[in-house]
Amino acid sequence: MVFFRKKKDMPDGLWTRCDGCKGMVYKKIVEERMYVCPECNYHFRVFSRDRLKLLLDENSFEEMWDNMVPCDPLNFKDRITYPERVAAEQQKTGLKEAAIVGKGKINGKELMIGITDSSFIMGSMGAVVGEKIARAAEKACELQLPLIIISGSGGGARMQEGVFSLMQMAKTSAAIARFREAGGLYISILTDPSLGGVMASFASLADIMIAEPKALIGFAGPRVIQETIRRSLPKGFQTAEFLLEHGFLDMIVHRQDMKEELSRLIDYLQQTKNVPCEVQV
Amino acid sequence: MTEKTVTELENSILEIEHRIEDLENASLKDNCDRSVEIKYLREKHERLQEKLCSKLTPYDIVKIARHPLRPLTADYVNMMIDDFVELHGDKRFGDDKAIICGLGRIGQERLLVIGQQKGKSTKERIACNFGMPNPEGYRKALQKMKLAEKFHLPIVTLIDTPGANPDIGAEERGQAYAIAENIYEMCRLKTPIINIVIGEGGSGGALGIGIGDKFAILEYAYYSVISPEGCAAILWKNSENAPEASESLRLTAKDLLKFGVVDEIISEPLGAAHKSPKAMANTLKSYILKYLEEIKSTPIDILIENRYNKYRNIGKYLEC
């Protein structure tokens with residue numbers, strides 16, 4: 001069964017408003033089209049578990065390290081404490097943290113896959129997300145499997161974990177570097193939105209960079225940029241199409257074609273036997 | 001009697017400084033001996049400065065780190081480095097003045113220095129974009145670091161940035177990619193790297209030249225995942241809550257040492273670095289020499305292995 005995200009992504013009822021063309025579309029049709037608007041091809045945000053179901057072979061996903069939860073190294077408090085915020089987000093999303101990683105198959109081909117969910121504290125990277133991504137890279141290295149990471153993060157590094165979250169940028173980048181150096185194939189898929197510390201680390205360090213159409217991608221968020229330069233931003237700024245034009249993506253792939261494209265890329269690039277690589281922990 | 005606030009203390013200190021200066025000038029003119037009075041004022045000055053430093057809140061420290069008179073990368077280069085040869089340009093797009101790179105010596109040690117530069121005068125600040133590097137700045141730094149790797153020179157990076165430049169041009173030229181690539185490459189660069197935060201350590205913009213084997217921070221510098229103002233604007237919905245955000249973020253040198261993120265705090269002269277830049281530069285120089293000595297004896301493979309493990313093991317989480 002496909003689980004519908006309730007919040008703003010998908011309002012209740014039979015019909016929903018498309019954020020792309022602003023038209024009313026029949027929800028069931030959107031769902032059947034992998035959460036893509038039948039009128040304008042707008043790609044709705046998808047809950048991470050649903051996305052894994054859409055992409056991977058049926059029942060092929062084995063989640064790993066699913067018992068990891070954040071702790072509160074700073075005793076962080078804004079208007080609420082960090083543990084309160086985490087509990088509320090867990091309640092809201094049914095997730096323990098913003099990242100899910102594990103082993104799966106695409107058209108019978110085994111791979112390691114990770115995904116960050118932008119609905120859990122903006123998909124921001126704290127120690128759990130960093131650790132899961134690093135472990136996924138190490139596992140992919142050990143098992144000589146391709147690594148696919150689907151990023152969705154409007155938050156970048158997680159403020160509530162302070163400097164520890166900043167250091168996850170270093171951790172994930174270091175782990176990815178080892179994996180790629182050992183001959184591993186890493187494909188990064190950028191979804192709406194991919195910003196900040198996630199983009200400035202593992203999400204942009206892939207052998208192949210893919211984005212979904214119209215996804216918002218960048219370093220600084222559009223609001224921060226607008227406040228800094230004090231004028232309006234050009235149309236289409238920081239979209240996937242903008243990045244493709246500026247040479248930062250290998251391709252933009254429609255959600256419905258994603259599985260087949262990944263399958264083709266893996267066929268081309270993944271060697272059946274990698275150079276044996278050492279995993280150092 | 002109520003305790004004096006930091007601003008009041010600062011004003012009293014400045015007033016005493018002026019009085020000492022006036023007395024000294026007067027003594028020069030009429031040859032009267034005012035040394036007793038001057039000595040008394042100097043002692044009072046010192047006591048007040050000590051008191052001031054002991055009362056600082058995290059947000060006061062952020063303000064000291066941003067102090068307009070605080071020594072910058074270029075000042076340290078002038079005071080610390082012999083025979084400096086600046087190297088410009090990323091060989092791809094341009095020469096970002098927000099990052100200074102160059103070869104130089106400290107004593108007998110040859111090294112590559114890389115540092116973010118904010119600028120002092122208004123004209124300089126604009127040229128340096130207030131120390132907020134563009135992608136070409138990070139690419140320039142990386143290009144020079146590869147040079148250092150090839151010719152076996154150790155690298156010292158001086159971190160002082162409010163953050164990477166958030167504007168249209170920076171995004172067009174791949175700011176996130178440039179920073180990510182620097183982190184990626186610095187993790188495996190086959191030459192020793194020392195990172196020192198001398199002022200502001202602003203998030204990813206700092207990390208873009210901030211990966212290495214030794215990590216030190218000046219006493220009144222800070223290092224944070226986001227600026228206190230930015231954090232307050234998001235979580236408190238009001239940037240005026242920056243003082244509270246500074247507390248919550250644990251961004252001071254002491255916090256970072258406690259967390260084990262930095263290896264060492266480098267003490268500043270009484271009243272912070274801007275009160276005696278020369279003394280600060282000398283201290284910094286001796287620390288850099290000490291680090292170089294420590295690192296040099298480690299074989300490069302072990303150094304890189306240690307560097308990897310340092311970042312690989314950072315961060316706390318629970319597995320339940």
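Biologist: Is C37(A) buried or exposed?

Modeller: This is a predicted model, so local features need pLDDT of at least 70, side-chain atom pairs count only at pLDDT 80 or more, and totals for chains, interfaces and linings use all residues. Residues are numbered from 1 along each chain as its sequence is written, chains are lettered from A and ligands numbered from 1 in the order written, and side-chain values use heavy atoms, leaving out hydrogens and water. Buried means under 20% relative accessible area, exposed over 50%, partly exposed in between (1.4 Å probe, protein chains only). C37(A) has 0% relative accessibility, so it counts as buried.

Biologist: How many disulfides does the structure hold over all chains?

Modeller: A disulfide is a pair of cysteine sulfur atoms within 2.5 Å. For C37(A), the closest cysteine sulfur is in C18(A), 3.6 Å off, which is too far for a bond. C71(A) is in no disulfide either, with the nearest cysteine sulfur, that of C320(B), 11 Å away. Over all chains, the count of disulfides is zero.

Biologist: What area do chain A and chain B bury between them?

Modeller: Buried area is the accessible area (1.4 Å probe) that two parts lose on being put together, summed over both. Of the area here, 69% is on carbon and sulfur atoms. The value for chain A and chain B is about 5,200 Å².

Biologist: How many salt bridges are there between chain A and chain B?

Modeller: Look for a side-chain nitrogen of Lys or Arg within 4 Å of a carboxyl oxygen of Asp or Glu. R178(A) and E305(B) make one, at 3.0 Å from N to O. Between the two chains, the count is five.
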